[in-house]
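Subject: Model handover, chain interfaces

Hello,

Here is the structure for you to look over. My notes on the interfaces follow below.

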Amino acid sequence: MIFAKVIGNVVSTQKDENLNGMKLLLCKEVDCKGKPLNTYHVAVDAVQAGEGDLVLLSYGSSARMTDLTKNAPVDAVVMAIVDDIMLTESRLVPKKKQS
Amino acid sequence: MIFAKVIGNVVSTQKDENLNGMKLLLCKEVDCKGKPLNTYHVAVDAVQAGEGDLVLLSYGSSARMTDLTKNAPVDAVVMAIVDDIMLTESRLVPKKKQS
Amino acid sequence: MIFAKVIGNVVSTQKDENLNGMKLLLCKEVDCKGKPLNTYHVAVDAVQAGEGDLVLLSYGSSARMTDLTKNAPVDAVVMAIVDDIMLTESRLVPKKKQS
Amino acid sequence: MIFAKVIGNVVSTQKDENLNGMKLLLCKEVDCKGKPLNTYHVAVDAVQAGEGDLVLLSYGSSARMTDLTKNAPVDAVVMAIVDDIMLTESRLVPKKKQS
Amino acid sequence: MIFAKVIGNVVSTQKDENLNGMKLLLCKEVDCKGKPLNTYHVAVDAVQAGEGDLVLLSYGSSARMTDLTKNAPVDAVVMAIVDDIMLTESRLVPKKKQS
């Protein structure tokens, strides 16, 4: 899975009928520190993500493994909203000495 | 899914029989602001897209999840015509003060 | 799908038994104007393509959707020979004035 | 499969219910000599990997082939902890002559 | 499929149980002329390839289409050992004139 930030959504009227009722989120990929990369993805929203949310995207056939997306011709889904990214390195930073 | 613009189509006589009746669209990838990228895709048309249309492309096994494409050896499908792309940033532009 | 030109074939004796009877084509990717790119693909021939032919390649599980390739451990198939690529732009070139 | 080093984990409360009980590892891709590359992956932990472990990642539908991940909308899984990478070249280094 | 050269193997004790009995080969990608590229792949050996062999790799769900790999969480398999790569260009070299 990759990290992305929700930055908008896509409006479509003429579409495959299996897409009805799905919200298509426009997501900008970010790295694990939240830094924006120059890649965009359109993904179905399976977790009621809001704009600005940091989310996880799953690609390929796995994108059809939510109740909402099964049988739909979609190759990307937002399947989790990220609360926190715990980096080992940052935790290894020594605490300030108690003196 | 990714954004693309329909810029032509592909003619083929000698092909796998499961492709019969499908229109193969030539699509040029674009970014979320419509700027052309230097990547081309051939995708089956599942939504009667016309040349010049801004569309969404789905890749992989998901490309076989339309009535038209199931069981066909195709890895890309045009499954939606894009009416509008709503960017949060543009909406966040502060309205002109009413004074 | 992507465009490629058949430039050779691959000979293999020691292989998975599900590959028996399949011709493995060596294909060089080209862009939509036929310009060679620097990428090679090995794909099963499902349409009796000949060397020099401009073809379409389908990747992933879709490569197993021909009668020939189902159940085989192959991730790429040549599923169409391209007769013509119709570019909108080229058709928009104004015809020579009749004077 | 690709090599990666576990460098943290991802916390998510609002997520698809099929993700419940899964640990999402943050992994930094490395090459076969352990040199860090500049790519990050989030993958489900299927082998109780610890932070700092060198692991193997499997992508796509294959990520759903563990007991833990089947039916979950995840496209990457940590399915092995690497003990050792045996390079032929290093073994081919001629032994010091016995004289 | 892509070409690769077997350059080693990967040892793992703590792994998903569906991987038991499989040999994990370390493969370096090469182009169609055997020139090494800078990409490494770990793939299950389905054809008893030896180190130094030039092989074909299949990726994705297709990697699970051998008797050995079905149901295993693996996304790459070595499914053929390459005897020869026949390039059209080289065959087109005119034979020495018989005079």
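Contact here means heavy atoms within 4.5 Å. On that basis, only 8% of the interface residues of chain A are also interface residues in chain D, so the copies meet through different surfaces.

Some ground rules. This is a predicted model, in which local features need pLDDT of at least 70 and side-chain atom pairs count only at pLDDT 80 or more, while totals for chains, interfaces and linings use all residues. Residues are numbered from 1 along each chain as its sequence is written, chains are lettered from A and ligands numbered from 1 in the order in which they are written, and side-chain values use heavy atoms, with hydrogens and water left out.

Chains A and D

A rotation of 72° with 0.0 Å of shift along its axis puts chain A onto chain D, at RMSD 0.0 Å (least squares on the C-alpha atoms of residues with pLDDT of at least 70 in both copies). The two copies are thus related as by a five-fold rotation axis.

In this pair, 26 residues of chain A touch 31 residues of chain D. The buried area is about 2,200 Å², with 52% from carbon and sulfur atoms (accessible area, 1.4 Å probe, that two parts lose on being put together, summed over both). A:Met1, A:Met65 and A:Met79 give 28% of what chain A buries against chain D, more than any other three residues.

β6(A) pairs antiparallel with strand β1 (residues 2-11) of chain D over four bridges. Strands are DSSP runs of E, at least two residues, numbered from the N terminus; pairing takes at least two DSSP bridges. A:Met86 stands opposite D:Asn9 in β1(D).

Chains D and E

Here 26 residues of chain D contact 31 residues of chain E. About 2,200 Å² is buried, 52% of it on carbon and sulfur atoms. Salt bridges number zero. The polar-contact count is 18 residue pairs, both residues at pLDDT 80 or more. Four bridges join β6(D) to strand β1 (residues 2-11) of chain E, in the antiparallel sense. D:Leu87 is opposite E:Gly8 in β1(E).

Best wishes

Notes. Salt bridge = Lys/Arg side-chain N within 4 Å of Asp/Glu carboxyl O. Polar contact = N/O pair within 3.5 Å; in protein donor to acceptor, adjacent residues only side chain to side chain.
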